[in-house]
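Please look over the sequence and the three-dimensional structure shown here before reading on.

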Amino acid sequence: MKVIVKKDLCQGHAMCQYKSPELFELNEHGYNEMDPFEVPAGKEEAARRGAAACPEGAIVIVED
Ligand code: F3S
């Protein structure tokens, strides 16, 4: 499973980090500018939770 953040859509709502702080980090301005990353084994639900929480739909989950 992979996570892709559409950085241009992020408005800094921070719900991704609130729901899944183990996976999502924000920059010093509160925006998610993470590069695409592979979800570690066992963190799939956390990834889905964080993605679903984003009101801008800025986080895309790519299932294997
Ligand atoms: Fe940005 Fe969505 Fe997170 S707007 S900070 S990716 S909840």
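Ala 51 has its place in helix α2, where helices (H or I, at least four residues) and strands (E, at least two) are DSSP runs numbered from the N terminus. The model is a predicted one, in which local features need pLDDT of at least 70 and side-chain atom pairs count only at pLDDT 80 or more, whereas totals for chains, interfaces and linings use all residues. Residues are numbered from 1 along each chain as its sequence is written, and side-chain values use heavy atoms, with hydrogens and water left out.

With a relative accessible area of 11%, Ala 51 is buried; here buried means under 20% relative accessible area, exposed means over 50%, and partly exposed lies in between, for a 1.4 Å probe and protein chains only. Not counting residues up to four places away in sequence, Ala 51 touches Phe 24, Ile 59 and Ile 61, a contact being heavy atoms within 4.5 Å. Ala 51 and Phe 24 are 27 residues apart along the chain, and their C-alpha atoms are separated by 9.6 Å.

For Ala 47, the residues touched beyond four places in sequence are Met 1, Val 3, Leu 23, Phe 24, Val 39 and Ile 61.

What is the relative accessible area of Ser 20? Ser 20 lies in the loop between α1 (15-19) and β2 (37-38), and its relative accessible area is 0%, so this residue counts as buried. A polar atom of its side chain lies 2.5 Å from the backbone oxygen of Ala 46. In a polar contact, a pair of N or O atoms lies within 3.5 Å; within protein, one must be able to donate a hydrogen and the other to accept it, and residues adjacent in sequence count only if both atoms are side-chain atoms. Leaving aside neighbours within four places in sequence, Ser 20 is in contact with Ala 46, Arg 49 and Gly 50.

Asn 32 is likewise found in the loop between α1 and β2, and Asn 32 is buried, because its relative accessible area is 1%. A polar atom of the Asn 32 side chain lies 3.0 Å from the backbone nitrogen of Met 34. With neighbours within four places in sequence left aside, the contacts of Asn 32 include Val 5, Lys 7, Cys 10, Cys 16, Phe 24 and Ile 59.

**Partly exposed positions**

| Residue | Location | Relative accessible area |
|---|---|---|
| Lys 7 | loop between β1 and α1 | 37% |
| Ala 14 | loop between β1 and α1 | 27% |
| Glu 44 | helix α2 | 29% |

Lys 7 is in contact with Asn 32, Glu 33, Met 34 and Asp 35 when neighbours within four places in sequence are left aside. From C-alpha to C-alpha, Lys 7 and Gly 42 are 25 Å apart in space, and they are 35 residues apart in sequence. Ala 14 has a positive phi of about 70°, although it is not a glycine. With the corresponding neighbours left aside, Glu 44 is in contact with Met 1 and Val 39, while Glu 44 and Glu 56, twelve residues apart in sequence, are 20 Å apart in space, C-alpha to C-alpha.

**Cysteines and enclosed space**

The structure holds zero disulfides, a disulfide being a pair of cysteine sulfur atoms within 2.5 Å. Cys 16 is buried, with a relative accessible area of 6%, and Cys 54 is buried, with a relative accessible area of 16%.

How many cavities of 30 Å³ or more are there? The count comes to one cavity of 30 Å³ or more, and the largest cavity has a volume of about 100 Å³. On a 1 Å grid over the protein atoms alone, a cavity is a set of points where a 1.4 Å probe fits but cannot get out, and lining residues have an atom within 4 Å of a point. Grid points are joined across faces, edges and corners, and a volume is the space filled by probe spheres set on the points. The largest cavity is lined by 16 residues, of which Cys 10, His 13, Ala 14, Cys 16 and Cys 54 lie nearest its centre.

How values were computed:
1 Å grid on protein atoms, 1.4 Å probe; cavity = no way out; pocket = protein on both sides within 12 Å on 5 of 7 lines; lining within 4 Å.
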